[in-house]
Amino acid sequence: MTQEAEVPGKRVLVLRPDELGPDDWKMWRALRTESRAPSNPFMDPVFTTAVGRVRPGTRVAVLQEDGSPVGYFPYERGPLGRGRAIGLGVSDCQGAVLRPGIRLDARRLLRSCALSSWEFDNLEAGQGVFVPHAAEELPSPVVDLGEGFERYRQRLRARSASFLRQTLARERKLARRAGEVRFVHDARDPDALRALMAWKSAQYRRTGRRDRFAQEWITRLVGLLGEGEEAECRGVLSVLYAADRPVAAHFGLRSRTVLSWWFPAYDRAYARYSPGLVLQLRMLEAAAADGIETVDLGSGPARYKDSFKTRDLRVYEGSVVRPVPGGAVHWLGREPARAARGFVRNRPRLAGAAARALEGVGRLRGR
């Protein structure tokens, strides 16, 4: 199903992800390289194609000049033309893939895609077409491993020697109390993946948040990406075992040089040993040995992220809204709630009270 439209100076073809050919994948990646943006796996055509297999409204606008592609804009389209970033809610890096120097008007691009709005919650820095429409700028912590794990560990020790010492002590204690500790960076263990999903679902419910793994499309997406073999975007399951029993695990996405921290969880029966922290430290060491230069921990506050990070990237939350009925529906349905969340998030006492309230809701759900 090919649709054609025009924006000034460009031809726009709207395709399903599975209609993109090998040349499109090659050009998509070449444009990312040309832009010098980090090779985040969420911005690779593999991720968009996988989302397209589980979300039927997924589309890609291919921007052409003189018959050659100069940009790709992936999105999901819903009722009344309401658009959203690919995998919104689980994707940690969003935006268009454009040749450097391309000038676009965001609302004209949306019109060419028959969209009344386009919502994002992890728009990457440098997306000049969309950043002016952001409602909030958020920190997204990362761990730099380009100088190797030993250099990172030295920096971690200098910044927080007690944190590193306590994490290593807990790993030794786990081994003494539960059995030999073993870590597998890239495990092919479906039982461990099922355990991870169960732990994570329980965590969502316990903290009063929506259970992502109760949504079939997310579970299917994780399965598809876990089966992939593409170097620029594939799932990686990392597992910490004690006496051959999984006690913590993480499922993330990696490219050749970037690992995106995605779904971490642990068995609460071992909580006293902080297996999640042990897992993360082991993962950073293994990732550095496997060519990873950056581990993107994703936006959202968490004390462990502050402990491990070396710096923050900036990401953006907001939406582009056109002055049409569907755009008005989007604005009324989303923007007041977004403004309220931002108000709370920027006030630590309110944010703490909100978190406690969510945990109370979670306890009531668990009864």
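A nonpolar core is a set of buried Ala, Val, Leu, Ile, Met, Phe, Trp, Tyr and Cys residues joined through side-chain atoms within 4.5 Å. Keep that in mind as you explore this predicted model.

**Stop 1: the cores.** Select Phe47, Leu221, Leu225, Leu237 and Trp262: these have the most contacts inside the largest nonpolar core, which has 43 residues. Now colour helix H6, residues 190-206, which gives the most to this core, with seven residues. Next, pick Leu174, Phe183, Ala286 and Ile292, which are among the 31 residues of a second, separate core. In soluble globular proteins, nonpolar side chains tend to be buried together.

**Stop 2: Leu237.** Return to Leu237 and show what surrounds this residue. Beyond four places in sequence, Leu237 touches residues including Val184, Leu193, Leu196 and Phe251.

**Stop 3: helix H2.** Select residues 45-54. How many of the ten residues of H2 are buried? Eight of them are, so the helix is mostly covered. Phe47 is one of these buried residues, along with others including Val46, Ala50 and Val54. To see what they pack against, show helices H1 (22-35) and H7 (216-227), then strands E3 (58-65), E4 (68-77), E11 (245-254) and E12 (258-266). At the N-terminal end of H2, find the cap, Asp44: one of its side-chain oxygens lies 3.0 Å from the backbone nitrogen of Val46.

**Stop 4: Val129.** Go to the loop between strands E7 (117-124) and E8 (134-144), where Val129 sits. Is Val129 buried or exposed? Val129 counts as buried because its relative accessible area is 12%, and the cut-off is under 20%. Leaving aside neighbours within four places in sequence, Val129 is in contact with Leu98, Leu104 and Ala106. Finally, select Arg103: its C-alpha atom is 7.6 Å from that of Val129, although the two are 26 residues apart along the chain.

Technical notes: Residues numbered from 1 in each chain as written. Predicted model: local features only at pLDDT ≥ 70, side-chain atom pairs only at ≥ 80, totals over all residues. Heavy atoms only, no water. Buried < 20%, exposed > 50% of the residue type's maximum accessible area, 1.4 Å probe, protein only. Helix = DSSP H or I, 4+ residues; strand = E, 2+ residues; numbered from the N terminus. Contact = heavy atoms within 4.5 Å. Polar contact = N/O pair within 3.5 Å; in protein donor to acceptor, adjacent residues only side chain to side chain.
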